[in-house]
Amino acid sequence: MSPFGLLDTHCHLATYTDPVAILRKADAAGVSIIAVTEDPDEYRRLRTRLGRRDHVDVALGLHPLRAASFSQNDLARFFRLVPQTSWIGEVGLDYSRAGVATAKAQQRVFDVVLTEAQPGRHPLTVHSRGAEKDVIRLLSDSGLPAILHWYSGPLGLIDDALQAGLYFSINIAMARSRKFPGLLRAVPRERLLLETDGPYAKDRGRAAQPDELQSVALALAHAWGTDLDESMQVLIANQERFLTSTR
């Protein structure tokens, strides 16, 4: 898939009430979607439901908060499906209160993903909440093309992420947060991409939607002191650069 406008690099499309309607609105807005999944079964169900469609790729995931429940059969199924997909996600680590008890299981699963999932041939969209240092180190060691989804970790680790060639994806909830100005000062604009993380991320109480992704581009324009056209040009160039690095 080549995006024809903005690219939503992290969207839980299957979680919306009507994924097909969300896709239609995204198409009308010129937005392409990377539809992340949390396990191989969700990946197969969504692929079956959507069939072949332009401007959407279904990513194959092993969500870190599900890691403790993944069996060897789940991992084997993941690797059988890898050749069918263009993207891997959502994967990563989560050491927050919700995930710290399963950190060891998460590490085993993420290590398997990084070492055996056809390294370099699939871009990754990666969860790192509370585990930013380990995620950045592991991605740096792997050399894989990856995006840090909804980064909320220490700004002091960003230089390490940049040195590892990582990108950062921004959603509307991030753009409305108090941490946003500091993040933008730390991350060069050429390493930024967009996401919705919808429907989990909210825009003033509403689930973020891909067809409204331009609102994030507008927030970046305001932060950079530019206009929307310039921010769109920067983001589309970033998308192409990132995708080219995975070919």
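## Basis of the description

The model is predicted, and local features need pLDDT of at least 70, side-chain atom pairs count only at pLDDT 80 or more, and totals for chains, interfaces and linings use all residues. Residues are numbered from 1 along each chain as its sequence is written, and side-chain values use heavy atoms, with hydrogens and water left out.

Helices (H or I, at least four residues) and strands (E, at least two) are DSSP runs numbered from the N terminus. Relative accessible area, calculated with a 1.4 Å probe on protein chains only, defines buried as under 20%, exposed as over 50%, and partly exposed as in between.

Strand β2 spans residues 31-35 and is mostly covered, with 5 of its 5 residues buried. Val-31, Ile-33 and Ala-35 point one way from the strand, whereas Ser-32 and Ile-34 point the other way; all are buried. In a regular strand the side chains alternate between the two faces of the sheet.

Two strands are paired if DSSP finds at least two bridges between them. Strand β1 (residues 6-11) runs parallel to β2 and is joined to it by 4 bridges. Within this pairing, Ala-35 in β2 is the bridge partner of Cys-11. Between β1 and β2 the chain passes through helix α1 (residues 19-29), and this β-α-β crossover is right-handed; that is, with the strands pointing away from the viewer, the path from the first strand over the helix to the second runs clockwise. Strand β3 (residues 56-58) is also parallel to β2, and 3 bridges join the two. Here Ile-33 has Val-56 of β3 as its bridge partner.

## Helix α3

Helix α3 covers residues 72-81, and its buried residues are Asp-74, Leu-75, Arg-77, Phe-78 and Leu-81. Seen down the axis of α3, these buried residues fall within an arc of 160°, so they line one face of the helix. The arc is that of the directions from the helix axis to the C-beta atoms. Gln-72, Asn-73 and Arg-80, on the other side of α3, are exposed.

The buried residues of α3 pack against α2 (40-50), β4 (88-92) and α4 (103-116), where contact means heavy atoms within 4.5 Å.

## Salt bridges

A salt bridge is a side-chain nitrogen of Lys or Arg within 4 Å of a carboxyl oxygen of Asp or Glu, and by this rule the count comes to 9 salt bridges. Asp-39 and Arg-66 form one of them, with their closest N and O atoms 2.8 Å apart. This pair links distant parts of the chain: Asp-39 is in the loop between β2 and α2, Arg-66 is in the loop between β3 and α3, and they are 27 residues apart. Asp-39 counts as buried at 9% relative accessibility, while Arg-66 counts as partly exposed at 32%.

Asp-94 and Arg-129 also meet in a salt bridge (2.8 Å, N to O). Asp-94 lies in the loop between β4 and α4, and Arg-129 in the loop between β5 (124-127) and α5 (132-142), so the pair ties together parts that are 35 residues apart in sequence. Asp-94 is buried at 0% relative accessibility, whereas Arg-129 is partly exposed at 39%. Asp-134 and Arg-137 meet in a salt bridge (3.5 Å, N to O); both lie in helix α5, 3 residues apart, about one turn of the helix. Finally, a network of salt bridges links Asp-41, Arg-44, Asp-74 and Arg-77.
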